[in-house]
Amino acid sequence: MEYNIITAPDLEGLASEVAGFLPQGWRLKGGILEHGDGYAQQLVRHTKDRLRVQQQQQQQRRQPAKQRRTKWIE
C-alpha cells in the first residue's frame with residue numbers, strides 16, 4: 001500500500017493537485033487538514049489499483065480509433 005500527502009496554500013490549489021492523482025488509482029483517505037502553511041490531503045493506493053490502471057491504459061492504446069460513418073444525403 002502506498003501513501004501520499006498533497007499540500008497546497010489554498011483549497012483550489014489542493015483540489016487541482018488531488019485531481020491529477022485520481023486517474024492514477026489514488027483514493028482519498030480522511031478529510032482535508034488545515035495547517036499553518038495551508039491545507040493537506042492524504043491519498044492511498046493499493047498495488048492492485050495501480051496495476052489495474054496500467055492495464056486499462058494499455059488496452060486503450062491497443063484499440064484502434066473507431067471510424068465514424070457518414071451518410072451522404074443526395
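A: Buried means under 20% relative accessible area, exposed means over 50%, and partly exposed lies in between, with a 1.4 Å probe and protein chains only. This is a predicted model, where local features need pLDDT of at least 70 and side-chain atom pairs count only at pLDDT 80 or more, while totals for chains, interfaces and linings use all residues. Residues are numbered from 1 along each chain as its sequence is written, and side-chain values use heavy atoms, leaving out hydrogens and water.

Q: Why is Glu2 called partly exposed?
A: Glu2 has a relative accessible area of 27%, so Glu2 is partly exposed.

Q: What makes Arg45 count as buried?
A: The relative accessibility of Arg45 is 10%. That value is under 20%, so Arg45 is buried.

Q: How do you know that Arg45 forms a salt bridge with Glu2?
A: A salt bridge needs a side-chain nitrogen of Lys or Arg within 4 Å of a carboxyl oxygen of Asp or Glu. The closest N and O atoms of Arg45 and Glu2 are 2.9 Å apart, so the pair qualifies. Arg45 lies in strand β3 and Glu2 in strand β1 (residues 2-8), 43 residues apart, and the pair links distant parts of the chain. Strands here are DSSP runs (E, at least two residues), numbered from the N terminus. By this rule, the count comes to one salt bridge.

Key:
Helix = DSSP H or I, 4+ residues; strand = E, 2+ residues; numbered from the N terminus.
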